[in-house]
Amino acid sequence: MRLHRNLCFSVIDGLTLIFNEGNYADKVIQQLLKRDKRWGARDRAFVAETTYDIVRWKRLYAEIAEVKEPFDRENLWRMFAVWATLKGIKLPDWSYFESTPTRKIKGRFDELSKIRKFKESIPDWLDEIGEKELGNELWTKEIAALNEQADVILRVNTLKTTKEKLQSELFDLEIETEFLKDYPNALKLKERANVFTTEAFKNGFFEVQDASSQLVAEFLNVQPGMRVVDTCAGAGGKTLHIASLMENKGQIIAMDIYANKLHELKRRAKRNGAHNIEPRAIDSTKVIKKLYDKADRVLIDAPCSGLGVLRRNPDAKWKLQPDFIDKIKVTQQEILQQYSRMVKVGGQLVYATCSVLPSENQEQVKKFLNSEAGKNFTFVKENIVLAHKSGYDGFYMALLERKA
């Protein structure tokens, strides 16, 4: 591979914004990709993937390059040189690379790869919490899987098309996909491609949604005609899946504390042809109290550490702080206590997170079931999805039923 100066400069500019300004990696990369209209798919892929790669391995590369935060541009070029050397890319004779100790880089890499927190490029506190909660062996496997690049998975919108038809339509555009066993509405891309520019996407035939995330709506046991409440709907990935499982029949109340996310859901619902979704912003407790004892199904896709989705959000490793996890666990329990009251007698509730930590998952459910509010519920089943076993994001979901 030959390195091109303008592409490398874009990567360095992006890293400056992510590491030093605290910007989100996905937003920065979106901006970078609009920089030069002459860039082809390969150029854009280089900028996006290289930036993500260096973000993912920040701690390891900084250690090998012997640089510390905040990184100046010279530091970032040194980290870039480490990235290129470890990828086996020949460094051009640019001034930034004049004194790059190639052999030392490889030796240092071999040395640091024996220590998990450097090998997997994570903060000390995260390594400690992972080992404490999952045990040494399981955490070692899981964090390695969470550092792999995520596949692109589509969820077929069955309100508008079938898996077979969509696969054939994408194949005509030279986008090859494959079915996934045990994921009824999923198509996995064989190679990364920009699917958002396709007519199929514009017509609402699919959404991009990880395979593990697609399990949640299925877990909720919805039927056409039910009244379903999605309590932390956000921009509505799972809401839209629920709408398709309900065949547009019945009512889905999509709630969130952020009204702007619900605006995005409205837009997506229109494109998906999902007509049974009613967005409601949670601007007071009244909104929730009005629904007490009224819902056949309630989904609590709770706010969490997001450790299960590090593959697609590698910068979260550096943004996340231990005190956030402590605070979010309090929020999770409060949400469970309050929102569970919307389930009617005989109805069901799913508590889900995209975390792999038992303290955010099994322990929260156990705590709820032992509380006053939880005494009305029985535990039906749970699904613990670990990335190293599934090959997809880490997720948790528990199904509870309100006693008659």
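In this predicted model, β3 (183-189) and α12 (211-219) each contribute at least two residues to the lining of the largest cavity. The lining consists of Tyr183, Pro184, Asn185, Gln214, Leu215, Glu218 and His241. By residue class, this lining divides into three nonpolar, three polar and one charged.

Among the open sites, the second largest pocket has a volume of about 380 Å³. Its lining comprises 17 residues, of which Met1, Ala45, Phe46, Glu49 and Thr50 are the closest to the pocket centre. Helix α3 (residues 41-56) gives the most to this lining, supplying nine residues. Seven nonpolar, three polar and seven charged residues make up the lining of the second largest pocket.

The unreviewed UniProt entry carries an "active site" annotation that covers Cys354. In the model, Cys354 is placed in the loop between β9 (343-353) and α18 (362-369). The relative accessibility of Cys354 is 18%, and because buried means under 20%, Cys354 counts as buried. When neighbours within four places in sequence are left aside, the contacts of Cys354 are with Cys304, Gly306, Leu307, Gly308 and Val309, together with Gly394 and Phe395.

Terms used: Residues numbered from 1 in each chain as written. Predicted model: local features only at pLDDT ≥ 70, side-chain atom pairs only at ≥ 80, totals over all residues. Heavy atoms only, no water. 1 Å grid on protein atoms, 1.4 Å probe; cavity = no way out; pocket = protein on both sides within 12 Å on 5 of 7 lines; lining within 4 Å. Points joined across faces, edges and corners; volume = space filled by probe spheres on them. Helix = DSSP H or I, 4+ residues; strand = E, 2+ residues; numbered from the N terminus. Nonpolar A, V, L, I, M, F, W, Y, C, P; charged D, E, K, R; others polar. UniProt positions renumbered as here; feature names shortened; annotations may be inferred. Buried < 20%, exposed > 50% of the residue type's maximum accessible area, 1.4 Å probe, protein only. Contact = heavy atoms within 4.5 Å.
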